[in-house]
Amino acid sequence: MRNLLLKAAQLTFLIAALFAFLGTDQDARFQTLGHKVMCVCGCNQVLLECNHVGCTYSDRMRGELASYVDRGDSDDLTLQAFVQKYGPTVLIAPTTTGFNRVAWVMPYLVLVLGLTTVVLIVRTWRTRPQTIPASGMGPVSNLELERYREQARKDTQV
Amino acid sequence: MSQIGSFALLLALVLSAYSFLAGLVALVRKGPAAERLGETARRAGIATFAMVFLAALVLVIAAFQDDFSIAYIFHHSNHDLPGPYKFATLWSGQEGSLLFWSLLLATYGLVLRLRYKTDSRLFAHASVIIAAVQVFFLMLLNFAAHPFALMQGTLPQDGNGLNPLLQYPEMVIHPPMLYLGYVGFTVPFAFALAALIMRYPGEKWIQITRRWSMVTWGFLTCGVFLGAHWAYSVLGWGGYWGWDPVENASLMPWLTGTAFLHSVMMQEKRGMLKTWNMWLIFSTFLLSIFGTFLTRSGVVSSVHAFAQSSIGDWFVGFLAVTFAVCLFFYVKNRSHLRSEHKLESLVSRESSFLFNNLLLLVACFTVLWGTLFPVLSEWVQGNKVTVGPPFFNRVNVPVALLLLLLTAVGPLLAWRKTSIESLKRNFLWPALGALAIGAVLIVVGIRPWKDMSYLYSLMTIMLSALVGLTVISEFIRGGRVIKGHTGQSLFASMVQLAHRNTRRYGGYIVHFGVIVIMIGFAGAAFNQDKEQEMGYGDKMSLGAYTLVCRSYTQEDKPNYSSEWAIVDVFKGGKQIDTLYPERRFYKASQQTSTMVANRSTFKEDLYLVYEGLNQDTGRPILKVHLNPLVMWIWVGVWIMIAGTVVALIPNAVAVRVTAPARIQAAPVGAGD
């Protein structure tokens, strides 16, 4: 009898822990998914950040999101359901499929191209030979010397 | 009243058109007659200011006199609007803000035309370019967005009132600051184009415009961050930057302007990057105009956008013509922009500026790309996608981290070439310091492996520490040298050091401000929030705080009625504050607005929003945000402004000390 009670208590504890865990997980999913969807009332805000009390859209959309999460729908399925109902503008960022991939790739592509260009320019400038006059190096005039002094002053100032 | 304003605007257009055309003819022709014609053009430019000022004054007076026969006043003001907001009516709507833009441009033009003796030919060219821009805005005001258009039919008793979101003290200064920045870039643009057109020898035009560029950049910085602070205080969603298209529009010229302020030093010091700098300032001006186009054309949806109107087409035309003029003169005179020197090493101040420019431009491109991608997407696949904060944060945060790294390394590099040994010597202690700070943060509880945002946050703080330590070490190193020569205290030596080269050390102070802001941004990874219905005596806990709702109350004022909650804040069992979050209902516009209650400390902001009554239960809803380190952002902005002011102070002439003070101060008999 005592063992039975102990086992029942253990089982109750396990079930409670499981529910608590699932609840936390569902809360976290609700929060994550709620930040991937826009409120469509025109406020241009994230669904969970739309702070218009009485905004019929955000209350309804939050309710829908909660029901999808409770039902155990996957993230993709949930977001797809929102797209089906409210159109692609409901997603807060472009997807990584089709033409939308271009949105994500382009900035990195520009960064890589820019870096490559800068490095190539620097290398070209560095490897370009200096032209030396055929008559060889002549004496430096006072004017040239003054120009070099001025350049040295500029170089060391900042 | 409206007739005076309309006449002033029309006369201003005629005067600015004369200033442009007569100035142009005077530049093409030569001789005393052309000089006299040029002088009349200059004076017409000055008179333009008087007329635009008169028009703006008339609109402000009409707002104070509640002259609702003028449609603009009817739509943006009402009887009970407080005085400062009646003044702000000038820039609260489409037509008024264009008039304000024109007024600022005329004011900048006035200053430029009064200072023409610095270099009369260069200033005459710049004056013509500014007159051309002025003609465009005055044509808009006269023919497309007339601020003095009259109401049709029966005169209304009261106006619609100012948008409630704009009825906040910062909105009286945020738009002027932003516009001073936007419009101000016209001046360096005009000088750059003038220098290109006349193949101006040397870099004097850069020295002339240096202060203009820095002041303009300072105004734009203030404007951008005032906007962020306004969004944080009024919109009530707990954030300060939402990557809204109009916010992006202000950020883009700021990024290219920042790149220009850095790379222009290479032109001044080494005669390099002339083409690059020319196009940077062209781009900055074009982006300022492009931002205005975005706000006013309805091409992208934004919470800030003005009503959709046809003036977007005017801006497209102006952008196209300006770009064509810039391109034409660049192609014609590009031989004038050849570099005088080449880059000698990858490890040099020059290359750090190159990479800095690259990263700033990539950030600018990303913002532009993200802002316009919905339009592109609609064009290609038939539907507009949303490009929101996750996109901008994911793409821009790594770029910002690389920029921070460069901000740390760049100042330690010498012009032309730096030896790895000297870099190691200068970099070792700051790098060890930054690593130590990172280790402490991990021990304290930041777990970078748990979430990407924590990793970014940790890296931001570490790199900010690195920048801060290099800046401090630069001040101390320079200060010690002066101390050794003069014998004064280290602090006094550092002040003298900054005064000797204000641009360099002012720039370091700006960098210091930037890292303080970045640390503030890093705090966002740890934001928390909670929403709850709160009746009398109900409690809500978040972080270390417990909030107890003491009461709710209502108030009726001429302009609005408000409901607000009285909430006691407890920490560690002790009451530390009482907050009053408020929700207002503006009578004229029939719209509501939140007034956030914020308890701000260096550690965190306790940010409380009264969201109103739950329609189902009739109980009030409160939302509380706990936002760490936000105050650092606003403090950082003040440091940036201080740095900009220091950089604007003229350099003190270096004091040559022939007899070191230490020897003079040595005790008698020392060394005997």
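Student: Which residues in α5(B) meet which residues in α7(B)?
Tutor: Please bear in mind that this is a predicted model. In α5(B), the residues are B:Phe100, B:Trp101, B:Leu104, B:Leu105 and B:Tyr108. Their counterparts in α7(B) are B:Tyr179, B:Leu180, B:Val183 and B:Gly184. Sorted by class, this contact holds eight nonpolar residues, one polar residue and no charged residues.

Student: How is the packing of two helices described?
Tutor: One gives the angle between the axes of the packed helices and the distance between those axes. Here, helix α5 of chain B (residues 94-114) packs with helix α7 of chain B (residues 170-184) at an angle of about 55°, and their axes are 9 Å apart. Because of that angle, α5(B) is oblique to α7(B).

Student: What is the handedness of the crossing of α5(B) and α7(B)?
Tutor: The crossing of these two helices, α5(B) and α7(B), is right-handed.

Student: Let us turn to a single residue. Is B:Arg296 buried or exposed?
Tutor: The reasoning rests on a count of neighbours: a residue is buried if 20 or more other C-beta atoms lie within 10 Å of its own. B:Arg296 has 23 C-beta neighbours inside 10 Å, and therefore counts as buried. This residue belongs to helix α11 of chain B, which spans residues 274-297. Its C-alpha atom is separated by 6.2 Å from that of B:Gly312, a residue 16 residues apart from B:Arg296 along the chain.

Student: Into which domains is chain B divided?
Tutor: The assignment gives domain 1 (1-162), domain 2 (167-339 + 348-388), domain 3 (397-519 + 641-653) and domain 4 (526-631). Between domain 3 and domain 4 of chain B, the C-alpha centres lie 39 Å apart.

Student: What elements does chain A have?
Tutor: Chain A has five helices and zero strands, in the order α-α-α-α-α from the N terminus on. Of the 158 residues in chain A, 21% are buried. Among its contacts between residues at least 6 apart in sequence, 38% join residues at least 24 apart.

Student: How many residues of chain A are in contact with chain B?
Tutor: In general, the size of an interface is often given as the accessible area lost when the parts come together. Counted by residues, 33 of chain A are in contact with 43 of chain B. On the chain A side, the elements that give two or more residues are α4 (100-127) and α5 (142-157). The largest share, twelve residues, comes from α4(A). By class, this side of chain A has 19 nonpolar, nine polar and five charged residues.

Technical notes. Residues numbered from 1 in each chain as written. Chains lettered and ligands numbered in written order. Predicted model: local features only at pLDDT ≥ 70, side-chain atom pairs only at ≥ 80, totals over all residues. Contact = placed C-beta atoms within 7 Å. Helix = DSSP H or I, 4+ residues; strand = E, 2+ residues; numbered from the N terminus. Nonpolar A, V, L, I, M, F, W, Y, C, P; charged D, E, K, R; others polar. Axes fitted to C-alpha atoms, helices over the stretch in contact; angles between N-to-C directions. Parallel < 35°, antiparallel > 145°, perpendicular 65-115°, else oblique. Left-handed = near helix turned anticlockwise from the far one by under 90°. Buried ≥ 20, exposed ≤ 12 C-beta atoms within 10 Å, placed from the backbone. Domains from an automatic or database assignment.
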